[in-house]
Amino acid sequence: MPRRRAVGHRYAPLSMEPAARPIVVVDADPGWPERFSRLGARLRSSLGSRAVRIDHIGSTAVPDLDAKPVIDVQVSVVALEPVDLYRGRLEACGFVWREHNPELTKRYFRERPGDRETHIHVRRAGSLDEQLALLLRDYLRTHPDTSREYAALKRRLARTTTTRLAYTEGKAPFTWATLRAADAWAQDIGWEPDGSDA
């Protein structure tokens, strides 16, 4: 059985950690939303009603937020299993299923080798993980001071950490603190996620 290393509150086999690559955080690119829009339209065309929502999530979904140049897409489905209901359609769009993803609350797809880095997170519609991704995005979109603080943290971690795991773990305290603030904000304004982006 492989050794495991804590990742926040989850555990991932060490053998699954990505190869050491430099962590590069770049200036916010105003072209990221358009890149998602084109991809989202392809995914919507392929998945049809199998996708309850298709959303741009993560840092590239927040205007003016410096980030790793990775488009994160959340595809919300009624049920994660059977994966064959959506796997073939995502593969037809150029994505590879990471069957051994340790997070049991999602199914994870990535770009083919050599393509621009894109992460597809398939989550159950209405699940906590789906809602947290949308809440964090919407909170950062409406709180630019927090967004700038997050960008500064990511820049610092990119300079001082040597693995993606260390980078992710370094962001965790800030992320959870921001989610606590976002939860209070959501209750104050009666937040509900906007309609899906695609």
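Modeller: Helices are DSSP runs of H or I with at least four residues, strands are E runs of at least two, and both are numbered from the N terminus. By that count, the protein has 5 helices and 7 strands. Their order along the sequence is β-β-α-β-β-α-β-β-β-α-α-α.

Colleague: What kind of model is this, and how are its residues numbered?

Modeller: The model is predicted: local features need pLDDT of at least 70, side-chain atom pairs count only at pLDDT 80 or more, and totals for chains, interfaces and linings use all residues. Numbering starts from 1 along each chain as its sequence is written, and side-chain values use heavy atoms, with hydrogens and water left out.

Colleague: How do you know what confidence the predictor has in the protein?

Modeller: From pLDDT, the predictor's confidence in each residue, from 0 to 100. The average is 90, and 90% of the residues score at least 70. Residues 1-18 fall below 50, although this stretch has 32 contacts (heavy atoms within 4.5 Å) in the model beyond near neighbours in sequence. Where pLDDT is low, predicted coordinates should not be read in detail.

Colleague: What makes two rings an aromatic pair, and which angles count as stacked?

Modeller: Rings of Phe, Tyr and Trp (its six-membered ring) pair if their centres lie within 6.5 Å; planes under 30 degrees apart are stacked, over 60 edge-to-face, and the rest tilted. By this rule there are 4 aromatic pairs. One of them joins Trp 97 and Phe 109, with centres 6.5 Å apart and planes at 25°, which is stacked. This pair links distant parts of the chain: Trp 97 is in strand S5 (residues 95-97), Phe 109 in strand S6 (residues 106-111), and they are 12 residues apart.

Colleague: Why is the pair of Tyr 150 and Phe 174 called stacked?

Modeller: Their ring centres are 5.2 Å apart and their planes meet at 5°, so the pair is stacked.

Colleague: What makes you say a charge sits over the ring of Tyr 150?

Modeller: The test is NZ of Lys or CZ of Arg within 6 Å of the ring centre and within 35 degrees of the ring normal. The charged end of Lys 154 sits over the Tyr 150 ring, 4.7 Å from its centre. Lys 106 has its charged end over the ring of Tyr 108, 4.7 Å from the centre.

Colleague: What makes a set of residues a nonpolar core?

Modeller: The members are buried Ala, Val, Leu, Ile, Met, Phe, Trp, Tyr and Cys residues, joined through side-chain atoms within 4.5 Å. The largest core has 22 residues, and Leu 43, Val 73, Tyr 86, Ile 120 and Val 122 touch the most other members. Two or more residues come from each of helix H1 (32-47), strand S4 (71-77), helix H2 (84-92), S5 and strand S7 (118-124). H1 gives the most, with 5 residues. A second, separate core of 14 residues includes Ile 23, Leu 140, Leu 157 and Ala 158.

Colleague: Why is Val 78 called exposed?

Modeller: Its relative accessible area is 66%, so Val 78 is exposed. Val 78 lies in the loop between S4 and H2. Leaving aside neighbours within four places in sequence, its contacts are Val 52 and Arg 124.

Colleague: Which peptide bond is cis, and which loop holds Pro 82?

Modeller: The bond from Glu 81 to Pro 82 is cis, with omega near 0°. Pro 82 is in the loop between S4 and H2.

Colleague: What is the phi of Asp 64, and why is Asp 64 called exposed?

Modeller: Phi is near 65°, a positive value in a residue other than glycine. The relative accessible area of Asp 64 is 71%, so Asp 64 is exposed. Asp 64 is in the loop between strand S3 (53-57) and S4.

Definitions and conventions. Buried < 20%, exposed > 50% of the residue type's maximum accessible area, 1.4 Å probe, protein only.
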